[in-house]
Amino acid sequence: MFDIFFVQQLVNGLSVGFIYALMAIGFTLIFGVLNVVNFAHGEVYMIGAYAGWLSITIFAPPLFVVILVALAVGALAGFSLERIAFRPFRRFRDEASLKSKAIREATLLSSLAISIIVREAAEKIFGSNMQTIPQEYLLLTPIEIGPLTFASGQFLIFGMSIVMLGGLQWLLKRTQVGLSIRAVANNPMGATYVGINTERTIIATFIIGSTLGAAAGLVVGLYQGAIFPAMGFAPGIKAFVAMVMGGLSSIGGAVVCAILLGVAEAVTTSFFAQGWGDLVAYVFLVITLIFFPTGLFGGGRDRV
Amino acid sequence: MTHRRNFLFAAVFLAVLAGGAYAENKTVAIGYHAPLSGENAQYGVQFRNSAMLAVDQFNKSGKLPGVTIVLKFEDSKGDAKEGVNIARKFSDDQSIVAAIGDFNSTVSMAAGQVYAQTHLAQLSQTASHPDFVKISPYQFRNITTMDYESPLVAKWALANGAKKIAVVAIQNDWGQTAAANFVGAVKVNGGEITDTEFFNPGTRDFRSIITKIARGQPDAIFIAAFYEDGSAFLQQKTQMGIKQTIYGTSSLSEPKLLELAGPAANNMYATTTFLADSPEANVQAYVKSYDARYGSKPQMFAAQAFDATNIVLSAIAAAGGANATRAKVRDALAKTKNFPGVTGITTFDPETREPAKTLTKLQIQNGKYVLLK
């Protein structure tokens with residue numbers, strides 16, 4: 001039972017978990033600051049993958065240039081998303097509107113609307129089937145370490161998660177932008193009172209979060225050999241589950257829970273069947289919410 | 001005065017009626033539903049292409065003078081509820097004398113319940129679940145079922161020397177019958193099944209499943225999947241260093257699989273009812289006209305749709321063209337015998353309405369499908 005195949009399953013589970021974590025990082029960042037779920041994050045992930053694929057088919061540049069293209073397009077997408085779906089709901093500056101939950105929830109629907117529009121547009125333009133990726137770019141070179149088989153993509157995903165997580169922590173703790181992000185996340189009205197430019201901070205958050213999401217989409221698309229318009233949906237749901245399990249505003253917590261979900265899926269496939277993997281993930285979510293309502297790593301939140 | 005007015009009205013009324021009687025081109029409609037959005041949208045688009053090609057060729061050929069066949073296409077989204085709604089809509093539309101659809105067995109069977117009640121003949125070009133034609137005398141199909149195809153692949157794998165086989169199948173009606181029939185045939189013929197794994201539609205990461213079946217050390221692997229899942233599976237299996245041969249069904253005889261999977265697809269075995277490179281005259285004519293109009297070569301499912309449409313068209317002609325009623329079209333369909341389609345000669349059994357067709361065996365060699373004897 002606990003043989004080398006089980007270890008290989010753990011490796012598979014970890015790599016799937018890091019995929020979810022990549023998506024969860026950007027997702028949680030945006031949620032932490034604005035306290036709204038960004039349903040369009042899955043589509044930013046998909047846009048990053050398509051942008052990278054387009055640059056591969058048009059220019060065929062080396063891999064790191066492709067990633068840079070995805071990052072740039074992600075930043076642009078995040079900026080546009082914020083402008084179109086989130087900014088119009090913040091134009092009311094009176095006290096009642098600023099504290100209104102309904103206006104916050106309206107952005108939930110507007111981001112959902114944008115996600116549907118973007119996905120359907122991609123289906124119309126590119127077709128809903130998977131795109132052919134040239135063999136040299138597929139991150140599927142097998143790397144054998146002892147009896148275990150890894151793919152080059154798995155190392156890249158793992159490396160990217162560490163860099164993203166570390167980079168984000170550094171950004172949040174050591175830079176001015178990070179300080180204002182943390183301030184706005186804690187108490188947006190208070191941040192405005194002390195002179196922080198909330199608008200700029202929110203834009204910065206979206207750009208950072210979407211950049212991370214787009215890079216994630218590209219790398220995962222190349223690793224799974226599958227780039228198609230609906231690719232952001234399934235990881236998006238898992239990222240959301242990871243975020244809720246981890247405590248809504250804890251990025252590290254979301255990453256840990258995402259990895260946990262991935263490993264749980266792989267182990268479930270190993271002992272039962274692949275179809276039960278999703279069930280296990282959602283059971284985890286329900287159990288977490290029953291026993292840890294603020295998530296596994298979440299603390300209290302002050303919102304005035 | 002009133003007499004004159006009434007006479008005028010009567011004259012105009014009769015003139016309109018007479019004019020109507022002399023009207024050219026009665027339209028007879030075929031309702032077609034397939035997924036144009038969602039997971040299997042690429043198949044629905046190909047079905048529509050083939051069906052429009054078939055209908056246009058038929059209308060131009062003048063086989064039914066004075067009658068224009070119209071194709072009414074609806075998007076079933078691959079959803080059973082939507083299929084039921086569309087079936088009701090088609091049943092209410094009196095100009096529709098036959099329905100074609102859907103892509104997968106689940107939606108076809110759901111819509112079939114409606115067609116059985118409203119007595120509208122339904123021909124599915126690809127639903128291969130054995131229970132589909134058992135719903136009522138109004139269900140037909142022109143693709144062989146997995147009752148026939150899976151045991152054929154099973155015997156083929158055993159004949160090639162594989163004794164222990166692992167099965168990986170998609171979790172839906174089709175995948176379940178494909179797997180169940182394969183497993184049954186292997187066991188009856190003395191082989192051993194090491195694992196039967198089902199994966200949810202939409203899965204793109206098969207590494208956990210691959211690791212699990214590798215543990216059982218099979219000689220070969222049978223997959224019941226479509227080309228997107230299949231190509232991801234083949235690539236990931238190659239990356240993980242699993243060397244066993246793959247046996248697939250006709251769902252994998254699709255040129256896009258070669259593009260997506262690249263060299264990972266080599267040495268895979270599959271069955272098919274249609275090969276675009278076949279030298280037969282009607283196949284070549286179809287491939288050329290499809291390519292000229294749509295810019296790409298048709299594959300097996302598109303060819304199935306082309307044949308399905310043509311079978312319905314000839315049934316409408318046999319049932320009287322402009323005077324075809326739904327009952328007559330259904331009876332004409334049941335009498336289809338030796339229909340010369342691009343997917344082979346098709347005959348419907350008048351009792352069970354199951355099609356009799358032949359399947360050819362292929363292997364992928366150097367990125368191409370090669371016919372095996």
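Colleague: How many bridges join strand S1 of chain B to strand S2 of chain B?
Modeller: This is a predicted model. In chain B, S1 covers residues 26-34 and S2 covers residues 67-75, and the two strands run parallel. Within this pair, B:Ala34 stands opposite B:Asp75. The number of bridges joining S1(B) to S2(B) is nine.

Colleague: What percentage of the residues of chain B count as buried?
Modeller: A residue is buried if 20 or more other C-beta atoms lie within 10 Å of its own. Chain B has 373 residues, and its secondary structure comes to twelve helices and 15 strands. The C-alpha atoms of chain B fill a box of roughly 100 × 40 × 35 Å along the principal axes. The share of residues in chain B that count as buried is 51%.

Colleague: Which element gives the most to the side of chain A that touches chain B?
Modeller: The contact involves 25 residues of chain A and 27 residues of chain B. On the chain A side, helix H1 (4-34), strand S2 (148-151) and helix H11 (251-271) each supply at least two residues. The element that gives the most, with five residues, is H1(A).

Colleague: How many residues on the side of chain A that touches chain B are charged?
Modeller: The residues on this side of chain A include ten nonpolar and 15 polar ones.

Methods
Residues numbered from 1 in each chain as written. Chains lettered and ligands numbered in written order. Predicted model: local features only at pLDDT ≥ 70, side-chain atom pairs only at ≥ 80, totals over all residues. Pairing = 2+ DSSP bridges. Helix = DSSP H or I, 4+ residues; strand = E, 2+ residues; numbered from the N terminus. Buried ≥ 20, exposed ≤ 12 C-beta atoms within 10 Å, placed from the backbone. Contact = placed C-beta atoms within 7 Å. Nonpolar A, V, L, I, M, F, W, Y, C, P; charged D, E, K, R; others polar.
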